Amino acid sequence: MKKVIAILVIVLGFAFNTNAQDVKTVSLEQTKGEFTQKQITLSEGTYIFEIANNNVGHNVGFVLAPKSDVKAHLKNAYVTEQVKNNTKQNSKTVTLKKGEYVYFCPLNPTPQYTLIVE
């Protein structure tokens with residue numbers, strides 16, 4: 001019985017470790033009134049967004065939404081707290097399917113930029 005439990009623990013640990021490795025980080029930088037990355041193309045998958053505030057002078061945020069419905073924000077893409085001047089913050093994990101999205105910051109404020117998932 002102990003062997004069965006030990007094998008089960010190892011298998012589950014391996015499964016969780018494999019899933020954790022599938023999460024990719026997308027780093028985006030904001031300056032006054034804009035993102036430095038104007039368009040992004042990604043593959044379908046799970047991502048964390050790392051948002052850098054490069055001397056904007058006040059807190060910034062991050063919004064990601066389907067291009068077809070800009071008001072349908074993907075709440076997991078929000079940074080976990082506002083990004084203070086000259087710091088970085090991460091979002092939670094976000095699983096993106098094929099399609100077009102927009103990203104922007106209403107606090108900076110920035111234009112809406114295109115994110116394409118192939």
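The model holds an open sheet of 4 strands in the order E3-E9-E8-E5, with mixed pairing. Strands pair here if DSSP finds at least two bridges between them. Strand E3 (39–42) and E5 stand at the edges, each with a single partner strand, so one side of each has no neighbour in the sheet. Neighbouring strands of this sheet are turned by 25° against each other on average, direction ignored. The axes behind that angle are lines fitted to C-alpha atoms, for helices over the stretch in contact, and angles run from 0 to 180 degrees between N-to-C directions.

This is a predicted model: local features need pLDDT of at least 70, side-chain atom pairs count only at pLDDT 80 or more, and totals for chains, interfaces and linings use all residues. Residues are numbered from 1 along each chain as its sequence is written, and side-chain values use heavy atoms, with hydrogens and water left out.

**The chain overall**

The chain has 1 helix and 9 strands. Both kinds of element are DSSP runs numbered from the N terminus: helices (H or I) of at least four residues, strands (E) of at least two. From the N terminus on, the order is α-β-β-β-β-β-β-β-β-β. Buried residues make up 32% of the 118 residues. Buried means under 20% relative accessible area, exposed means over 50%, and partly exposed lies in between (1.4 Å probe, protein chains only). The chain exposes about 7300 Å², and carbon and sulfur atoms supply 57% of that area. Accessible areas come from the Shrake-Rupley method with a 1.4 Å probe; for residues, only the protein chains shown count as cover. Take contacts (heavy atoms within 4.5 Å). Among those between residues at least 6 apart in sequence, 60% join residues at least 24 apart.

**Strand pairing**

E8 and E9 pair in the antiparallel sense over 5 bridges. Tyr 103 has Tyr 113 in E9 as its bridge partner. Val 102 stands opposite Thr 114, also in E9. E5 and E8 are antiparallel too, joined over 4 bridges. There, Val 63 has Phe 104 in E8 as its bridge partner.

**Aromatic pairs**

A pair of aromatic rings is described by the distance of the centres and the angle of the planes. Rings of Phe, Tyr and Trp (its six-membered ring) pair if their centres lie within 6.5 Å; planes under 30 degrees apart count as stacked, over 60 as edge-to-face and the rest as tilted. By this rule the count is 6 aromatic pairs. One of them joins Phe 35 and Tyr 103 edge-to-face, at 5.2 Å centre to centre and 80° between the planes. This pair links distant parts of the chain: Phe 35 is in strand E2 (residues 34–35) and Tyr 103 in strand E8, 68 residues apart. Both Phe 35 and Tyr 103 are buried.

Phe 35 also forms an edge-to-face pair with Tyr 113, at 5.8 Å centre to centre and 85° between the planes. Phe 35 lies in strand E2 and Tyr 113 in strand E9 (residues 113–117), so this pair ties together parts 78 residues apart in sequence. Phe 35 has 0% relative accessibility and counts as buried. Tyr 113 is buried as well, at 8%. Phe 35, Phe 49, Phe 62, Tyr 103 and Tyr 113 form one aromatic cluster.

**Salt bridges**

A salt bridge is a side-chain nitrogen of Lys or Arg within 4 Å of a carboxyl oxygen of Asp or Glu. A search of the whole structure finds 3 of them.

| Lys | Glu | N to O distance |
|---|---|---|
| Lys 38 | Glu 34 | 2.8 Å |
| Lys 67 | Glu 100 | 3.3 Å |
| Lys 84 | Glu 81 | 3.7 Å |

Take the pair of Glu 100 and Lys 67. Glu 100 lies in strand E8 (residues 99–104) and Lys 67 in the loop between strand E5 (63–66) and strand E6 (88–90), so the pair ties together parts that are 33 residues apart in sequence. Glu 100 is partly exposed, at 41% relative accessible area. Lys 67 is partly exposed at 42%.

How exposed are the partners in the other bridges? Lys 38 is partly exposed, with a relative accessible area of 41%. Glu 34 counts as partly exposed at 33%. Glu 81 is partly exposed at 42%, and Lys 84 is partly exposed at 47%.
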